[in-house]
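Subject: Structure handover

Hello,

Here is the structure I promised to pass on. Please open it first, then read my notes below with the model beside you.

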Amino acid sequence: MKIIKDVIAFAGDIFFPRRCPFCGEVLVFGRNGPCESCRPKLQYVGKDFCLKCGKPLTDHSGEYCSACKRSVRPFDMGRSVFVYDDLVKRSLSSLKYNNKREYAGYFASQIVLCYERTIRSAGFDAIVPVPVSRERMRKRGYNQAELVAKKVSDITGIPLRNDILIRVRDTVAQKDLGRAGRQKNLKNSFKITGNVVELETIMVIDDIYTTGSTMSGIAGVLKEAGVKKVCFFTVATGSAI
Ligand SMILES: [Zn+2]
Ligand SMILES: [Zn+2]
């Protein structure tokens with residue numbers, strides 16, 4: 001359980017001043033993570049999820065969500081910590097747009113605590129954050145997925161590789177495209193920039209998983225480049241569709 005101790009020790013260093021990552025309230029000295037009022041409201045994905053993409057299942061009779069049954073997914077497996085409800089939505093939006101970078105440490109520790117065994121048994125060679133385009137990076141100054149990925153790397157010791165995948169263009173018109181068009185559009189949005197042949201198993205990190213198009217796009221290009229296994233971990237996931 002060394003990894004858990006590391007997570008706790010690490011979590012102790014990351015909040016200054018320590019605030020609840022969900023409502024922003026300053027915490028009682030010595031505390032970190034969610035405040036007493038937010039903690040009971042948190043919706044974890046729990047144990048009943050799609051074995052492929054990790055979305056919580058509404059139909060409890062199967063092992064896969066309807067979207068994963070319907071379409072071919074180039075990624076091997078995905079897991080998320082929280083259901084994407086208003087509480088998590090507000091927090092992730094603060095991380096993304098309001099410079100609450102310190103929340104990344106809490107979210108990373110939750111990914112590792114919830115999926116420690118899965119992460120350990122997969123034997124990941126590298127952690128790759130979902131990249132943002134150069135334009136977006138310039139505008140925002142940082143990539144929230146990379147902040148979380150860096151902290152997961154610090155906790156687990158798995159090397160962060162933010163140099164092998166780039167986003168070549170933004171995909172703002174995504175919602176106007178159909179499912180097939182969206183997947184093609186996203187696949188063309190990512191490009192490998194380095195040699196990934198020596199990396200057999202990659203962990204991709206993002207803040208939110210929604211339709212799966214982004215992860216499918218990324219897993220598609222990584223596998224074409226020779227990566228054997230691509231799994232993703234996200235802070236939150238939308239409900240099953
Ligand atoms: Zn709170
Ligand atoms: Zn699924």
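Helices (H or I, at least four residues) and strands (E, at least two) are DSSP runs, numbered from the N terminus. E2 pairs with E5 in the parallel sense, over four bridges. Two strands pair if DSSP finds at least two bridges between them. Ile127 has Met203 in E5 as its bridge partner.

**Before you go on**

This is a predicted model: local features need pLDDT of at least 70, side-chain atom pairs count only at pLDDT 80 or more, and totals for chains, interfaces and linings use all residues. Residues are numbered from 1 along each chain as its sequence is written, chains are lettered from A and ligands numbered from 1 in the order in which they are written, and side-chain values use heavy atoms, with hydrogens and water left out.

**The cores**

In soluble globular proteins, nonpolar side chains tend to be buried together. A nonpolar core here is a set of buried Ala, Val, Leu, Ile, Met, Phe, Trp, Tyr and Cys residues joined through side-chain atoms within 4.5 Å. Which members of the largest core touch the most other members? They are Phe22, Phe82, Phe107, Val148, Met203, Ile205 and Phe233, out of 38 residues. Six elements each supply at least two residues of this core: strand E1 (77-83), helix H3 (86-97), helix H4 (103-114), helix H7 (144-156), strand E5 (201-209) and strand E6 (229-237). H4 gives the most, with seven residues.

Look at Phe233. Leaving aside neighbours within four places in sequence, Phe233 is in contact (heavy atoms within 4.5 Å) with residues including Met77, Ile111, Tyr115, Phe124, Met203 and Ile205. Thr237 is also found in strand E6. Is Thr237 buried or exposed? Thr237 counts as buried, because its relative accessibility is 0%. Not counting residues up to four places away in sequence, Thr237 touches Val45, Gly54, Lys55, Pro56, Ser80, Phe82, Val83, Tyr84 and Tyr209.

**The zinc sites**

Start with the zinc ion (ligand 1). Cys20 (SG), Cys23 (SG), Cys35 (SG) and Cys38 (SG) coordinate the zinc ion (ligand 1) at 2.3 Å. Donors are N, O and S atoms within 2.8 Å of the metal (3.2 Å for Na, K and Ca); water is not among the atoms, so sites may look incomplete. The angles among the four donor atoms are 105 to 114°, and the site is tetrahedral. Four donors count as tetrahedral if all angles lie between 85 and 135 degrees; four count as square planar and six as octahedral if opposite donors are over 155 degrees apart and all others between 65 and 115; anything else is irregular. The donor residues of the zinc ion (ligand 1) are spaced C-x2-C-x11-C-x2-C. Cys23 and Cys35 each lie in the loop between H1 and H2, so the pair ties together parts that are 12 residues apart in sequence. Cys23 is partly exposed, at 36%, whereas Cys35 is buried, at 11%.

Now the zinc ion (ligand 2). Its donors are Cys50 (SG), Cys53 (SG), Cys65 (SG) and Cys68 (SG), at 2.3 Å. This site is tetrahedral, with angles of 105 to 116°. The spacing along the chain is C-x2-C-x11-C-x2-C.

**Aromatic pairs**

How many aromatic pairs does a search of the whole structure find? It finds 11. Rings of Phe, Tyr and Trp (its six-membered ring) pair if their centres lie within 6.5 Å; planes under 30 degrees apart count as stacked, over 60 as edge-to-face and the rest as tilted. Tyr44 and Phe82 have ring centres 4.8 Å apart and planes at 45°, so the pair is tilted. Phe22, Tyr44, Phe82, Tyr106 and Phe107 form one aromatic cluster.

Best wishes

Technical notes: Buried means under 20% relative accessible area, exposed over 50%, partly exposed in between (1.4 Å probe, protein chains only).
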